[in-house]
Amino acid sequence: MKFYKQVMRTFVDLPGHHSLLIHSLVGCNMHCFGCHNYDEIVAKKHEEFFTEEDIIQQIQLNGYFFDAIIFSGGEFLLEKIEPIINFLNRIRSIFHGLIIINTNGTSPDKMKTLINQKLVDGFHIDMKLPYHLLDINEDKEIFQAIMGIEPTQHFLEKLLTSIELVIQQNSPYSQIRTVKYPILSDEFFEEIEYYIKTLNQKYQTQVEYRINEFLDISHSKI
Ligand code: SF4
């Protein structure tokens, strides 16, 4: 696995915790509107990168500075599941804080495996659109504008399965998040919020839902 050669410390991604943010260089299967990481992390070819050994070393040397590790992307879960399991097991053996994975929700099977093996304490998952209400044919333009892809029905079902998995896991460290894309009307966000609220009621859970303001970083760097 390859990682961006700059890990970041953050206080805001997981409130109440001091996290180490690690970006995977595996790429992404979406190309979202205004993605902060696309040019620098997803699309760029990196000659220099951190390996798994480098990350382990960073944690061993600096682990006392943070109490959570967040894997972000690109889409970290595009890596094969066996290397992910091995890597997270190694991290669990040397680091006693939280492990969080940021995901766009396209790999529910891998999420389920990691939950079952207790290798992840929470997911920060995007619900970019009200997937449950959109039609892959009629709403092609909306998908293309927001996610940069035209999904199949199976793809959409995977996204919804992942959201439901996060709700069922009911971790206090998980978040379901939507960026308030300026090209969408308020109804989109209201429908997503209502959907998450309904799922939380169905499973009697309390997974946090957040609508994040859209930040235009087209003129700034990460
Ligand atoms: S899923 Fe995340 S990393 Fe991938 S393009 Fe969208 S915002 Fe960027």
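Student: Leaving aside its neighbours within four places in sequence, which residues is Glu 52 in contact with?

Tutor: Glu 52 is in contact with Met 1, Phe 3 and Phe 87, where contact means heavy atoms within 4.5 Å. This is a predicted model, in which local features need pLDDT of at least 70 and side-chain atom pairs count only at pLDDT 80 or more, while totals for chains, interfaces and linings use all residues. Residues are numbered from 1 along each chain as its sequence is written, and side-chain values use heavy atoms, with hydrogens and water left out.

Student: How many residues apart in sequence are Glu 52 and Phe 87?

Tutor: They are 35 residues apart in sequence, and their C-alpha atoms are 7.3 Å apart in space.

Student: And where does Glu 52 lie?

Tutor: Glu 52 lies in helix H2, residues 52-62. Helices (H or I, at least four residues) and strands (E, at least two) are DSSP runs, numbered from the N terminus.

Student: Turning to the ligand, which residues are around it?

Tutor: They are Cys 28, Met 30, His 31, Cys 32, Cys 35, Tyr 38, Gly 74, Asn 104 and Lys 128, each with a heavy atom within 4 Å of the ligand. By class, this shell has five nonpolar, three polar and one charged residues. Ala, Val, Leu, Ile, Met, Phe, Trp, Tyr, Cys and Pro count as nonpolar, Asp, Glu, Lys and Arg as charged, and the others, Gly among them, as polar.

Student: Is Asn 104 buried or exposed?

Tutor: Asn 104 counts as buried because its relative accessible area is 4%; buried means under 20%, exposed over 50%, and partly exposed in between (1.4 Å probe, protein chains only).

Student: With which side chain does the side chain of Asn 104 make a polar contact?

Tutor: The partner is the side chain of Asn 29, at 2.9 Å. A polar contact is a pair of N or O atoms within 3.5 Å; within protein, one must be able to donate a hydrogen and the other to accept it, and residues adjacent in sequence count only if both atoms are side-chain atoms.

Student: Back to Gly 74: which peptide bond there is cis?

Tutor: The bond from Gly 73 to Gly 74 is cis, with omega near 0°. Gly 74 lies in the loop between strand S3 (68-72) and helix H3 (81-94).

Student: What about the phi of Asn 170?

Tutor: Asn 170 has a positive phi of about 55° although it is not a glycine. Asn 170 is in the loop between helix H6 (153-169) and strand S6 (175-180).
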